[in-house]
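Subject: Handover of a structure

Dear colleague,

Please find the sequence and the structure below. A summary of what was found in the structure follows.

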Amino acid sequence: MVFTDKAPAPIGPYNQAVLIGNTLYTSGQIALHPETMELILDTIETETKQVMENMKAVLEAAEMTFDHVVKTTIFIMDMNDFTRINSVYGSYFDEKMAPARETVQVAGLPKGVNVEISMIAVK
């Protein structure tokens, strides 16, 4: 199991990530600030940035970076936000080495957030 206090603590029966061999499976991250556990929902860009910073902290706890990510799943409430979410998300990856990804519009996300992202990374 992987845990860091630099990302939001789990609020249920799950871990921030599970490392099996060289493969890291992360739980979905939402825009909870790890120190205050308050949601960052000012704009879709700041929300997505907080999600990615949370994910960065989880990856670092497993001694990995975004360069190790091979697959991501992005859940969004409104596909009209895709371009703005994608712009922030894309800034964390080298486009030539970007992971495989799916983006899915959903009917609801935890705590009423607009975006949740999970990843698989391999060392």
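Leu24 stands opposite Ala121 in strand 5; helices (H or I, at least four residues) and strands (E, at least two) are DSSP runs, numbered from the N terminus. Please note that this is a predicted model, in which local features need pLDDT of at least 70 and side-chain atom pairs count only at pLDDT 80 or more, while totals for chains, interfaces and linings use all residues. Residues are numbered from 1 along each chain as its sequence is written, and side-chain values use heavy atoms, with hydrogens and water left out.

Five strands form an open sheet in the order 1-2-5-3-4, with mixed pairing; two strands pair if DSSP finds at least two bridges between them. Strand 1 and strand 4 are the edge strands, each pairing on one side only. From one strand to the next, the twist averages 10 degrees. Axes here are lines fitted to C-alpha atoms (for helices over the stretch in contact), and angles run from 0 to 180 degrees between N-to-C directions.

Strand 5 pairs with strand 2 in the antiparallel sense over three bridges, and Thr23 stands opposite Val122 in strand 5. Strand 3 and strand 5 also run antiparallel, joined by seven bridges; here Thr73 has Ser118 of strand 5 as its bridge partner. Six of the eight residues of strand 5 are buried, where buried means under 20% relative accessible area, exposed over 50%, and partly exposed in between (1.4 Å probe, protein chains only).

The helices

Helix 1 spans residues 44-61 and reaches 26 Å from its first C-alpha to its last, close to the 26 Å expected at 1.5 Å a residue. That expected span is 1.5 Å times one less than the number of residues. Helix 1 lies across strand 1, strand 2, strand 3 and strand 5, and runs at about 30 degrees to strand 5. Its buried residues include Val51, Met52, Met55 and Leu59, as well as the polar Glu47, Thr48, Gln50 and Asn54.

How do the two helices meet? The axes of helix 1 and helix 2 come within 9 Å and cross at roughly 35 degrees. On the helix 1 side, the contact (heavy atoms within 4.5 Å) is made by Ile44, Glu45, Thr48, Lys49 and Met52, and on the helix 2 side by Arg84, Ile85, Val88 and Tyr89.

The core

The largest nonpolar core has 27 residues, and those with the most contacts inside it are Leu24, Met52, Leu59, Phe66, Phe93, Ile117 and Met119. Such a core is a set of buried Ala, Val, Leu, Ile, Met, Phe, Trp, Tyr and Cys residues joined through side-chain atoms within 4.5 Å. Helix 1, strand 3, helix 2 and strand 5 each give two or more residues to this core, and the largest share, seven residues, comes from helix 1. Leaving aside residues up to four places away in sequence, Ile117 touches Ser27, Gly28, Gln29, Val51, Met52, Met55, Thr73, Ile74 and Tyr89.

Backbone points to check

Most residues other than glycine have a negative phi. Glu63, although not a glycine, has a positive phi of about 60 degrees; Glu63 lies in the loop between helix 1 and strand 3 and is exposed, with a relative accessible area of 60%. Lys111 also has a positive phi, near 60 degrees. Lys111 sits in the loop between strand 4 and strand 5 and is exposed at 51% relative accessible area.

With kind regards
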